[in-house]
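Please look at the fold below.

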Amino acid sequence: MKPLSLAPLFISLAACFAVPATADTVSYDGYKVFRVNTRGHLPAVKDKLSAISFEKWNDDVYKNFDILVSPDQVAAFEALDLEYQVMHRDLGESIAAESAPSSVWKRQVEDPSWYDSYHNYEDHIQYFQDLQQSFPNNSELISSGTSYQGRDIYGLHLWGASGPGKPVVLYHGNVHAREWITSPVVEYITLQLVSGYKSGDNRTRSFLDKYDFYIVPIVNPDGFVYSQTTDRLWRKNRQPPPPTANQSHIGRDINRNWEFAWDSNPQGASTNPNSQTYKGEAPTDAPETQGLDKLVRQLRDGAGIKLYIDWHSYGQYILCPFGYKETLYAPELGKWTKAAGIVSETIRDSFEAQTTFTFGPSGAVLYPTTGSAPDHVYSVGRAEFAYTIELRDTGNFGFVLPPEYIRPTAEEQWEGQKALLDLLDEEFFDGEGPA
């Protein structure tokens, strides 16, 4: 079948963080990414794909398989006579283009060119430090602990006129290392909260006057750094496997390592240390999860958690608990779904791109996930609203989203967050609506 192609001032090193290739650098030159149509014929597609080696990129397999194919397998794949589209003709070229500088960022927190390029870990830290310094009386730098390799899991705590101590909005970004788009989106929302409050925008001021914001843009710093220096598609943290396992099988999936429902469904995570969804030897045995969970419990025992969002990519979903069981629905599902629908409509109607999101309970809409953050922060942390938001796109680029999409992705999410924050104290079903 013929495929379709979808196609103070200083110059920051963040504008181009590409590092020289070393013997350890994973090259994706010549690799291709295909989107295989599976609608109505999933078993037949799986059977054909079993004849080749590939890496699966997505799990929404009832619509399509997004697969990474090495150069030596491309001819065999094409001979399978499947219906497919080409996402990346040469993934190595796409990765190189992703890291190329598109503008010069001036070390000023409100300089929008920050959102024209991807950035390294150190510059992300500096950006949040600069944000805090621009809002000194209503913010503080925080830490959710340290990673396995000792990096700080840094963040910002923001509050409004009456001081800290109000119900909390908690954001986590870059849980999975390769999902680079999540950090700038979280940073952009933080910038809008700070700049809007300082400029006197009534709507933004109302958010910070009602809620404390705890914002952690990179919860997996070791994996994130590794994805920039060594393997662009790295997902997990960098923790060694159990002593009895192959010691080259590094990492735990932080979003399968939370305590709640950690071992409740064999389809929700893997016990194989080499798997992308390896859940660890025990719940919360990743140091990153330990630090994050400690903060969640502290916030729960304080003013409580009003909203939690775990930011991911890709696929354009707004997902709520539960993930661990496809047929289990929380009592709050009605208001969660109503709010998610309003967020999706707001994003769609705010920009010419009309980006749309699928929404609903995670396990039913997408696939089972055990030990996931939203299930845990809802069930243990007692968050009133808990979501996973999967950002752009739906399959043109996948994890390797070009930098020109950073700003539009961030801008549309800010519009969605404004709509959601307006709804957090809404009484959705008061019994007074039309019959």
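His-312 stands opposite Glu-390 in β13. Strand β10 (residues 305-313) and β13 run parallel, joined by 7 bridges. Strands count as paired if DSSP finds at least two bridges between them. Strands themselves are DSSP runs of E with at least two residues, helices are runs of H or I with at least four, and both are numbered from the N terminus.

This is a predicted model: local features need pLDDT of at least 70, side-chain atom pairs count only at pLDDT 80 or more, and totals for chains, interfaces and linings use all residues. Residues are numbered from 1 along each chain as its sequence is written, and side-chain values use heavy atoms, with hydrogens and water left out.

Strand β13 has another partner: β11 runs antiparallel to β13. Ile-318 stands opposite Ile-389 there. Elsewhere, Leu-158 stands opposite Phe-213 in β9. The table lists the pairings.

| Strand pair | Bridges | Direction |
|---|---|---|
| β10 and β13 | 7 bridges | parallel |
| β11 and β13 | 3 bridges | antiparallel |
| β7 and β9 | 3 bridges | antiparallel |

Contact means heavy atoms within 4.5 Å.

Is β13 enclosed or open? 7 of its 7 residues are buried, so β13 is largely enclosed by the rest of the structure. Buried means under 20% relative accessible area, exposed over 50%, and partly exposed in between (1.4 Å probe, protein chains only). Phe-385, Tyr-387, Ile-389 and Leu-391 cover one side of β13, while Ala-386, Thr-388 and Glu-390 lie on the other.

Now the helices. Helix α4 (residues 121-133) packs with α5 (residues 182-199) at about 10°, their axes 11 Å apart. That makes the two roughly parallel, a label for angles under 35 degrees. Axes are lines fitted to C-alpha atoms, for helices over the stretch in contact, and angles run from 0 to 180 degrees between N-to-C directions. Residues His-124, Tyr-127, Phe-128 and Leu-131 of α4 meet Ser-183, Glu-187, Thr-190 and Leu-191 of α5.

Note on methods. Parallel < 35°, antiparallel > 145°, perpendicular 65-115°, else oblique.
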